[in-house]
Amino acid sequence: MNKKVIVVGGGVSGMTAAGALSELGMEVVLLEKDDHTGGHAGNWDRLFPSRRPGKEVIDFIEKSMSSTVEIRCGSRVTSIDRNTEGFTVNLHNGDPLTAESVVIATGYELFDARKKEEYGYGIYDNVITSAELEAIFKEGRQLVTHNGKTPQRVGLIHCVGSRDEKVGNLYCSKVCCVTGVKQAIEIREMLPGCEVFSFYMDLRMYDRNFEELYYEAQQKWGVNFIRGRLSECAENPDHSLILKTEDTLTGRPLKMTVDLVVLLVGFVPRPETRIISDMLKLQTGSDGFLSPVDEHFKDNSTSVPGLFLAGAVKGPACIVNSIADARATAVQVKAYINGEMVKW
Ligand SMILES: Cc1cc2nc3c(=O)[nH]c(=O)nc-3n(C[C@H](O)[C@H](O)[C@H](O)COP(=O)(O)OP(=O)(O)OC[C@H]3O[C@@H](n4cnc5c(N)ncnc54)[C@H](O)[C@@H]3O)c2cc1C
Ligand code: SF4
């Protein structure tokens with residue numbers, strides 16, 4: 001029997017699935033559209049909640065992919081066909097590839113903050129995203145305003161593109177609250193003289209050591225948390241920014257001037273994954289992310305036999321959950337290829 005498996009997407013989920021499948025004796029090809037593996041997690045400097053260097057985690061996963069995994073970067077998958085033999089995976093360049101089973105691990109995209117025009121991203125120079133702040137930390141650059149000054153006040157805005165009916169995304173992106181708390185601490189670490197204000201609807205510190213990080217942010221680092229949704233960001237002639245919010249704890253409208261605004265952008269489904277999944281008639285949720293056939297018992301399986309899902313392609317997830325999910329997918333794939341029934 002052909003035991004070849006193609007994993008589409010070389011982020012933490014795809015790399016983990018590929019490594020585990022190779023350990024389980026499969027012949028694995030990992031297809032990644034970019035010129036390197038790592039996905040989004042490869043862009044993060046230090047990870048929440050422990051602030052472990054992101055590189056350490058990526059390096060570990062890369063090393064744990066045995067040399068038997070054939071990694072093909074620069075390989076964008078454009079469509080997948082199911083036939084009696086298995087699958088044909090089509091690329092934007094190069095010949096199609098065939099396999100017995102396919103894992104879709106194409107992850108997510110960041111919400112395009114320009115769609116929240118009232119927040120000024122792409123209009124005002126001193127409005128950046130959480131991903132751009134990560135890049136500043138990762139490259140070891142100093143955090144400065146557009147004209148090179150040290151900011152005295154920074155505002156972090158939660159739920160940008162998530163939990164927002166206006167942009168059509170009702171879901172919570174899960175990781176941006178803790179990312180915001182981590183980044184608030186990191187700004188204070190870098191610039192002790194800079195005041196940091198976090199504007200949130202409610203804080204979703206759902207996992208182990210998240211709540212502790214939130215306490216640390218307040219007690220050790222003096223980060224100010226303001227319960228209120230930003231309605232508008234406007235620019236002063238000196239390029240500082242006026243934030244207009246309502247403090248929902250006191251019920252009072254609030255106006256504050258800051259030098260820099262960081263938008264905590266959420267997860268959105270990738271349009272190109274949607275094209276592939278529509279061709280295969282895969283289920284998606286109301287959020288647009290791919291859905292498994294059973295959310296409790298077959299949460300890595302699709303309605304197409306032999307086609308599996310791993311990681312954030314199913315919706316917002318942290319790295320720990322993406323790794324665990326990808327490992328579970330590998331076990332399911334092996335069982336499918338060996339013709340075994342998974343009873344648990
Ligand atoms: C600002 C921010 C900070 C974060 N910080 C943390 C943190 O500190 N700790 C933590 O646990 N989590 C963090 N996360 C979450 C983390 O990014 C995700 O858990 C992780 O990226 C999910 O990995 P993935 O492999 O499922 O998806 P992705 O990272 O999106 O990887 C998918 C891969 O598939 C590739 N791909 C897509 N389409 C195709 C195609 N058609 N053909 C071939 N390849 C394709 C992509 O290029 C990409 O490499 C953060 C998220 C954000 C937004
Ligand atoms: S994790 Fe926090 S910031 Fe992100 S969408 Fe959910 S509530 Fe908003």
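Two strands count as paired if DSSP finds at least two bridges between them. The exercises below use a predicted model.

**Exercise 1. Pairing of β14**

Task: Determine in which sense β14 and β15 pair, and over how many bridges.

Solution: 
- Step 1. Locate the strands: β15 covers residues 241–247, and β14 covers residues 224–235.
- Step 2. Find a bridge. Glu 235 has Leu 241 of β15 as its bridge partner.
- Step 3. Count the bridges and read the sense. β14 and β15 are joined by 7 bridges, and the pairing is antiparallel.
- Step 4. Look at the connection. The two strands make a hairpin with 5 residues between them. His 239, in the turn, has a positive phi of about 75°.
- Step 5. Turn to strand β13 (residues 195–200), which runs parallel to β14 and is joined to it by 4 bridges. Here Tyr 200 has Arg 227 as its bridge partner in β14.

In general, strands of a sheet pair through backbone hydrogen bonds, and the pairing is either parallel or antiparallel.

**Exercise 2. The sheet that contains β1**

Task: Give the strand order of the open sheet of 5 strands, and state which strands stand at its edges.

Solution: 
- Step 1. Write the order: β5-β2-β1-β9-β19, with parallel pairing.
- Step 2. Take the ends. β5 (70–73) and β19 (307–309) each have a single partner strand, so one side of each has no neighbour in the sheet.
- Step 3. Ignoring direction, neighbouring strands are turned against each other by 20° on average.
- Step 4. Check one pair inside the order. β1 (residues 4–8) and β9 (residues 101–104) are parallel and share 4 bridges. Val 5 is bridged to Ser 101 in β9.
- Step 5. Place the helices. Helix α1 (residues 12–23) lies across β1, β2 (27–32) and β9, at about 170° to β2. Helix α7 (residues 319–337) packs on the sheet as well, touching β1, β9 and β19, and its direction makes about 165° with that of β9.

**Exercise 3. The two domains**

Task: State how the chain is divided, and describe the contact between the parts.

Solution: 
- Step 1. Start with the whole chain, which has 7 helices and 19 strands. Its radius of gyration is 22 Å, close to the 20 Å that the globule rule gives for 344 residues, so the chain is as compact as a globular protein of that length.
- Step 2. Divide the chain into domain 1 (4–107 + 270–337) and domain 2 (113–266).
- Step 3. Compare positions: the C-alpha centres of the two domains are 31 Å apart.
- Step 4. Count the contacts. 9 residues of domain 1 touch 15 residues of domain 2. On the domain 1 side these residues are 5 nonpolar, 1 polar and 3 charged.

**Exercise 4. The two ligands**

Task: Describe the residues around ligand 1 and around ligand 2.

Solution: 
- Step 1. Ligand 1 is surrounded by 38 residues, the closest being Gly 9, Gly 11, Gly 39, Gly 107 and Gly 311. Elements giving two or more residues to this shell are α1, β2, β10 (108–110), α3 (130–138) and α7.
- Step 2. Sort the ligand 1 shell by class: 18 nonpolar, 13 polar and 7 charged residues.
- Step 3. Relate ligand 1 to the domains. Domain 1 and domain 2 each supply at least three residues of its shell.
- Step 4. Ligand 2 has 13 residues around it, and Cys 159, Ser 162, Cys 172, Cys 176 and Cys 177 come nearest. β12 (153–160) and α4 (176–190) are the elements that give two or more residues to this shell.
- Step 5. Sort the ligand 2 shell: 6 nonpolar, 4 polar and 3 charged residues.

How values were computed:
Residues are numbered from 1 along each chain as its sequence is written. Chains are lettered from A and ligands numbered from 1 in the order in which they are written. This is a predicted model: local features need pLDDT of at least 70, side-chain atom pairs count only at pLDDT 80 or more; totals for chains, interfaces and linings use all residues. Axes are lines fitted to C-alpha atoms, for helices over the stretch in contact, and angles run from 0 to 180 degrees between N-to-C directions. Two residues are in contact if their C-beta atoms, placed from the backbone, lie within 7 Å. A residue is near a molecule or strand if its C-beta atom, placed from the backbone, lies within 6 Å of it. Ala, Val, Leu, Ile, Met, Phe, Trp, Tyr, Cys and Pro count as nonpolar, Asp, Glu, Lys and Arg as charged, and the others, Gly among them, as polar. Domain bounds come from an automatic or database domain assignment. The radius of gyration is taken over C-alpha atoms; the globule rule is 2.2 Å times the number of residues to the power 0.38.
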